[in-house]
Amino acid sequence: MNLYLLLLHLAGAVTLLLWAVRMVRTGVERSQEPALRRVLRESKSGRLRAAGIGAGIAVLLQSSTAVAMLAAGFAGNGVLTVATGLALMLGADLGSAMVVQILSVDLNWLMPMLLLAGGVLFFKGPTRNTRQAGRVLIGISLILISLQMIGQATEPLRESEFLPLIVSYLRGDFITAFLLGAAFTWLVHSSVASILLVAAFAAQGLVPIELGASLVFGANLGGGLIAVGLTRSSFVEARRIAWGNLTFRGLGALVTLFAFQLLAPAVGLLGDGAARQIINLHLLFNAALLVVCLPLTGPITKLVEKLVKPKPTAEELANPLAEAASCLDQSVVSQPALALASATRELLRMAEIIERMLKPLMELYETGDPEKIKQARHLERAVDQAQSEIKLYLAKINYGGDSTDEARRGRELSSFAINLEYVGDAISKTLLRLAEVRRDQKLQFSPAGWRELNDLHHQVMANMQLALNVLVSEDRESARQLLQEKDRMRSAERASYGEHLKRLQSGAAQSIETSNIHLETVRALKTINSLFASVAYPILTKSGDLLDSRLSRQGTT
């Protein structure tokens with residue numbers, strides 16, 4: 001086979017592997033984010049428990065980096081301590097090694113079943129979570145297909161003349177091989193994909209265990225570097241967790257690398273064949289790292305607290321979006337199409353500010369951090385200002401008559417700006433006030449009630465993104481989906497009210513104490529969701545899909 005064609009096939013297979021790993025991770029994140037966040041909060045109860053939770057989440061997400069980013073968010077909001085975060089990450093590193101074990105099993109017979117089941121769920125699933133489950137199944141099958149493609153693409157390399165020279169050099173220069181493994185893992189941002197690729201090469205007889213070991217240890221260093229890079233602009237607690245994990249993983253990889261070279265252990269004990277030995281070595285390394293380093297999380301926490309100092313970051317600034325320049329271009333008010341596009345961009349900026357207020361709501365309910373609540377309230381002034389400027393700007397546009405499409409669009413944008421301003425008021429005057437009441441009165445939600453609130457909050461955040469997509473695209477089907485999600489939100493609100501009433505009737509003390517806060521929160525979230533969904537009404541009214549404020553059953557034709 002032509003060398004360039006061979007490399008092209010290999011690059012395509014590796015790209016598919018990276019994309020498939022990401023596909024599984026995002027599918028789990030989108031469908032199970034509230035549950036993942038709920039479980040993460042429970043990791044505060046002990047370091048051993050935190051390690052177990054980190055391993056479990058990493059298996060689900062197929063990524064220790066994803067766990068690092070979730071932990072970073074909780075650490076930044078004061079929910080996780082640095083020591084607990086480090087324990088969580090040690091478990092996550094072991095969990096990602098377990099994922100490699102699972103995916104290395106010969107499951108070729110399962111690929112068509114996964115593709116078929118995943119496709120049916122993704123294209124025909126009635127709910128978002130069902131469709132995301134289909135996405136996960138398709139992603140797993142694509143991982144298996146990509147590994148098969150890598151094996152086929154690399155088979156001709158065994159007959160090449162130059163490859164033995166490269167392997168021989170790297171085999172003798174374990175430091176270069178180590179750094180190469182770290183660099184590649186950092187580049188692809190996935191230690192799972194990196195280890196699977198090395199194992200696939202080893203299965204083809206291209207990578208001996210001596211070289212594979214150096215690449216594996218390098219991949220573990222690279223995995224620690226990924227989280228450090230992704231959290232470089234985050235809160236200081238998040239950066240400390242990332243650097244502490246890098247300390248464990250990096251130093252552990254270096255020490256084990258030199259020990260492996262000096263002691264020359266009997267690799268035959270790791271299994272038959274270089275591929276199996278590489279995969280088992282990766283698992284053994286991370287298991288040993290957890291056992292050795294879990295008792296050291298306290299001392300390492302003190303070390304990183306001394307080395308990683310607080311600094312002003314984008315996340316910690318009180319009002320970064322409010323200070324951003326307005327997107328309203330006064331020079332194009334005489335050109336309705338351009339002016340409306342400018343107003344739409346400013347609406348998106350306004351929505352970003354609201355997202356900054358709404359996204360950390362559950363963390364603010366839990367921590368009651370007065371400074372962060374103050375920052376969120378400060379953002380409301382930026383929302384009010386943006387709404388006022390958008391209305392005045394839209395009023396200046398020369399539409400050429402009230403009946404034109406541009407005039408209609410201008411009224412729609414002005415109405416949505418007012419609704420977004422109402423969302424800001426609901427967050428500031430209702431939800432943040434309730435967070436302060438819970439904090440001041442030292443109240444605790446029941447586990448079931450807290451779970452319901454988190455699920456509703458997650459649903460509102462997802463619907464907000466859908467609403468903004470509808471705002472920009474004016475897509476009829478997306479608008480229909482948004483109103484269907486509004487109906488689901490209404491059903492979820494009723495279900496939450498019913499379950500809360502049952503808890504009150506059973507005499508649950510926590511539910512009785514937090515009853516007013518719970519019910520007001522549910523009502524506010526439902527109102528906010530309805531305000532987001534309002535963007536769909538003009539689109540569906542124009543298309544004839546909306547009759548008497550209800551979706552037309554004939555609208556799907």
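User: Hi! Where is alanine 264 placed?
Analyst: Alanine 264 is in the loop between H11 and H12. Helices are DSSP runs (H or I, at least four residues), strands are E runs of at least two, and the numbering starts from the N terminus. This is a predicted model, where local features need pLDDT of at least 70, side-chain atom pairs count only at pLDDT 80 or more, and totals for chains, interfaces and linings use all residues. Residues are numbered from 1 along each chain as its sequence is written, and side-chain values use heavy atoms, with hydrogens and water left out.

User: OK! Is alanine 264 exposed or buried?
Analyst: Exposed, with a relative accessible area of 57%. For residues, buried means under 20% relative accessible area, exposed means over 50%, and partly exposed is in between (1.4 Å probe, protein chains only).

User: And what about its phi?
Analyst: Alanine 264 has a positive phi of about 45°, although it is not a glycine. Glutamate 474 also has a positive phi, near 55°, and is likewise a residue other than glycine.

User: Where does glutamate 474 lie?
Analyst: Glutamate 474 is in the loop between H18 and helix H19 (476-505). With a relative accessible area of 34%, glutamate 474 is partly exposed.

User: Let's zoom out. How many helices and strands are in the protein chain?
Analyst: The chain has 22 helices and two strands. There are 557 residues, and 53% of them are buried.

User: What does its accessible surface come to?
Analyst: About 24900 Å², with 60% of that belonging to carbon and sulfur atoms. Accessible areas come from the Shrake-Rupley method with a 1.4 Å probe, and for residues only the protein chains shown count as cover.

User: Nice. Which residues make the nonpolar surface patch?
Analyst: Ile175, Leu179, Leu251, Leu254, Phe258, Leu262 and Leu263 form this patch of about 710 Å². Helix H8 (174-188) and helix H11 (236-263) are the elements that each give two or more residues to the patch. Patches are built from residues with over 30% relative accessible area and no salt bridge, joining like charges within 9 Å and nonpolar side chains (Val, Leu, Ile, Met, Phe, Trp, Tyr) within 5 Å. A salt bridge puts a side-chain nitrogen of Lys or Arg within 4 Å of a carboxyl oxygen of Asp or Glu.

User: Which helix gives the largest share of the patch?
Analyst: H11 does, with five residues. Leucine 179, on the other hand, is found in H8.

User: New topic: at what angle do H14 and H18 pack?
Analyst: At about 175°, with the axes of helix H14 (residues 336-358) and helix H18 (residues 447-473) 11 Å apart. Axes are lines fitted to C-alpha atoms, for helices over the stretch in contact, and angles run from 0 to 180 degrees between N-to-C directions.

User: What do we call that arrangement of H14 and H18?
Analyst: H14 and H18 are roughly antiparallel to each other. Angles under 35 degrees count as roughly parallel, over 145 as roughly antiparallel, 65 to 115 as roughly perpendicular, and the rest as oblique. Among the residues that meet are Leu347 and Ala351 in H14, and Val460 and Met464 in H18. Contact means heavy atoms within 4.5 Å.

User: Last one! Is histidine 282 buried or exposed?
Analyst: Buried, at 1% relative accessibility. Histidine 282 is in helix H12 (residues 274-293). Leaving aside neighbours within four places in sequence, histidine 282 is in contact with Ala97, Val100, Ile195, Val216 and Asn220.
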